[in-house]
Amino acid sequence: VAHKMMTGGLPFLLAEVGARLVLSGQAHEIRERSIAEIGGRIAIVRETLAGFDFRAHDRVPFVWLSLPDPWLSGTFKNACLENGVLLDDEDEFKAGRSEQVFHGVRFGVSQPGQRKDLADGIAVIRRLLDEGRAGYDSFS
């Protein structure tokens with residue numbers, strides 16, 4: 001009980017490793033490398049999705065993409081999933097039912113281990129956007 005009260009339940013080993021990383025300066029180095037990697041990945045997004053409406057920041061590993069007509073966020077999510085790309089539709093981020101519709105999706109850039117894998121996924125997104133289909137046929 002005392003451990004939980006003092007640490008919020010954080011395991012001692014994890015707390016010790018974290019403290020050593022901070023005190024040695026390695027945590028700062030890891031942070032700087034992470035920021036640089038996210039920036040490089042966002043640059044891939046900016047280049048590949050040029051001409052489309054999206055919001056991204058060089059230090060944030062997520063991108064909000066506004067979908068052009070005729071795409072709806074749910075159908076775009078399904079089309080991406082069937083092409084091996086996982087992203088979230090706008091409903092994932094609503095606190096409850098709403099009449100407001102944004103026609104957008106969010107995807108992360110930190111998960112693929114290699115930048116090439118990220119570039120391949122963003123290329124799928126670009127291809128689907130370029131197709132400009134009037135509808136989407138689901139197999140389910």
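Q: Which residue of strand 2 stands opposite Arg-55?
A: In this predicted model, Arg-55 faces Trp-64 of strand 2.

Q: How many bridges join strand 1 to strand 2, and do they run parallel or antiparallel?
A: Strand 1, residues 54-56, and strand 2, residues 62-66, are antiparallel and are joined by 3 bridges.

Q: And how many residues lie between them in the hairpin?
A: The hairpin of strand 1 and strand 2 has 5 residues between the two strands.

Q: What about strand 4: over how many bridges does it pair with strand 2?
A: Strand 4, residues 104-108, pairs with strand 2 over 5 bridges, in the antiparallel sense. Within this pairing, Ser-66 has Gly-104 of strand 4 as its bridge partner.

Q: Turning to the helices, at what angle do the axes of helix 3 and helix 5 cross?
A: The axes of helix 3 (residues 26-48) and helix 5 (residues 115-131) cross at roughly 30 degrees and come within 10 Å. Angles under 35 degrees count as roughly parallel, and the two helices are therefore roughly parallel to each other.

Q: Is that crossing left-handed or right-handed?
A: The crossing of helix 3 and helix 5 is right-handed.

Q: Which residues make the contact?
A: Helix 3 contributes Ala-36, Glu-37, Gly-40, Arg-41, Ile-44, Val-45 and Thr-48. From helix 5 come Arg-115, Leu-118, Ala-119, Ile-122, Ala-123 and Arg-126.

Q: How do those residues divide into nonpolar, polar and charged?
A: The contact of helix 3 with helix 5 comprises 7 nonpolar, 2 polar and 4 charged residues.

Note on methods. Residues are numbered from 1 along each chain as its sequence is written. This is a predicted model: local features need pLDDT of at least 70, side-chain atom pairs count only at pLDDT 80 or more; totals for chains, interfaces and linings use all residues. Side-chain values use heavy atoms; hydrogens and water are left out. Two strands pair if DSSP finds at least two bridges between them. Helices (H or I, at least four residues) and strands (E, at least two) are DSSP runs, numbered from the N terminus. Axes are lines fitted to C-alpha atoms, for helices over the stretch in contact, and angles run from 0 to 180 degrees between N-to-C directions. Angles under 35 degrees count as roughly parallel, over 145 as roughly antiparallel, 65 to 115 as roughly perpendicular and the rest as oblique. A crossing is left-handed if the near helix is turned anticlockwise from the far one by less than a right angle, and right-handed if clockwise. Contact means heavy atoms within 4.5 Å. Ala, Val, Leu, Ile, Met, Phe, Trp, Tyr, Cys and Pro count as nonpolar, Asp, Glu, Lys and Arg as charged, and the others, Gly among them, as polar.
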